[in-house]
Amino acid sequence: MTHNLRLRPMTPADKPAIMQVLKGTPEFTPAEVTIAEEVIDTYLGDPKGSGYYVLVAEIDSSLAGYICYGPVPMTQDTWDIYWIAVLPESQRLGIGKSLLSSAEERIRKARGRMALIETSSTKQYEKARQFYRSQGYELASIIDDFYSPGDDGLIFKKLLL
Ligand SMILES: CC(C)(COP(=O)(O)OP(=O)(O)OC[C@H]1O[C@@H](n2cnc3c(N)ncnc32)[C@H](O)[C@@H]1OP(=O)(O)O)[C@@H](O)C(=O)NCCC(=O)NCCS
């Protein structure tokens with residue numbers, strides 16, 4: 001666990017730094033960065049009513065990562081972790097773990113029952129899969145060829161209550 005780590009809800013002033021995190025994450029394609037930006041803009045347009053929540057992690061006041069999550073529409077208290085990313089140079093310091101556990105704590109307070117995370121089966125997402133497993137998530141479903149032929153969609157699940 002790194003010292004001087006602070007987690008807090010995102011503010012509009014954080015957007016450029018979050019875009020740097022997204023653009024500096026080699027796993028994300030330009031199309032994925034565009035969608036992540038749209039989600040962030042939706043959140044900033046209406047932080048309380050958008051259905052998205054965004055937390056940022058700062059080390060020594062410098063933004064090092066973020067997480068975006070929210071309730072899944074048309075479910076009773078099921079939540080989705082939509083996005084999590086930590087700057088490559090700040091990975092493996094416990095920042096992802098702190099972001100995810102803070103999101104889970106807030107979801108629990110909102111009476112969320114379970115958290116889901118979708119990801120890809122490709123090699124580049126291996127560390128993300130290891131990270132989710134290390135945080136108590138279990139593989140709940142596989143949709144063969146979901147993203148593209150040979151790239152399955154995986155859903156990881158964790159019960160929170
Ligand atoms: C997935 C990600 C958010 C993890 O963040 P992180 O801050 O590096 O993770 P942590 O330091 O909190 O790691 C917690 C645990 O997860 C596991 N883990 C994390 N990175 C790992 C890796 N590269 N290889 C194996 N296990 C890993 C370990 O068990 C680790 O505990 P340890 O360091 O004590 O062994 C980060 O790797 C990332 O931003 N990846 C690129 C973006 C991405 O793929 N996001 C997910 C899809 S939206």
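Predicted model: local features only at pLDDT ≥ 70, side-chain atom pairs only at ≥ 80, totals over all residues.
Residues are numbered from 1 along each chain as its sequence is written, and side-chain values use heavy atoms, with hydrogens and water left out.

**Ligand site**

- The ligand sits in the largest pocket. A pocket is an open set of points on a 1 Å grid over the protein atoms alone, with protein on both sides within 12 Å along at least five of seven lines; a molecule sits in a pocket if more than half of its atoms lie within 2 Å of its grid points.
- The elements that give two or more residues to the shell around the ligand are β4 (78–86), α3 (95–109) and α4 (126–134). Helices (H or I, at least four residues) and strands (E, at least two) are DSSP runs, numbered from the N terminus.
- Helix α4 supplies the largest share of this shell, 6 residues.
- In total, 21 residues surround the ligand, and the closest are Ile84, Arg92, Gly94, Gly96 and Lys97; a residue is counted if one of its heavy atoms lies within 4 Å of the ligand.
- By class, the shell holds 10 nonpolar, 7 polar and 4 charged residues. Ala, Val, Leu, Ile, Met, Phe, Trp, Tyr, Cys and Pro count as nonpolar, Asp, Glu, Lys and Arg as charged, and the others, Gly among them, as polar.

**Atoms facing the ligand**

- A backbone N or O atom of Arg92 lies 2.8 Å from an oxygen atom of the ligand.
- From the side chain of Ser134, an N or O atom is 3.0 Å from a ligand oxygen atom.
- For Gln91, a polar side-chain atom lies 3.4 Å from an oxygen atom of the ligand.
- The protein covers 79% of the 920 Å² of accessible area that the ligand has on its own (Shrake-Rupley method, 1.4 Å probe).

**The loop between β2 and β3**

- Asp60 lies in the loop between β2 (53–59) and β3 (62–71), and has a positive phi of about 45° although it is not a glycine.
- Asp60 is exposed, at 52% relative accessible area (exposed means over 50%, buried under 20%, and partly exposed in between, with a 1.4 Å probe and protein chains only).
- Ser61 is also placed in the loop between β2 and β3; its phi is positive, about 70°, although Ser61 is not a glycine.
- Ser61 is exposed, with a relative accessible area of 66%.

**Ser120 in strand β5**

- Ser120 belongs to strand β5 (residues 114–120) and counts as buried, at 6% relative accessibility.
- The side chain of Ser120 makes a polar contact with the side chain of Asp151 (2.9 Å). A polar contact is a pair of N or O atoms within 3.5 Å; within protein, one must be able to donate a hydrogen and the other to accept it, and residues adjacent in sequence count only if both atoms are side-chain atoms.

Conventions: 1 Å grid on protein atoms, 1.4 Å probe; cavity = no way out; pocket = protein on both sides within 12 Å on 5 of 7 lines; lining within 4 Å.
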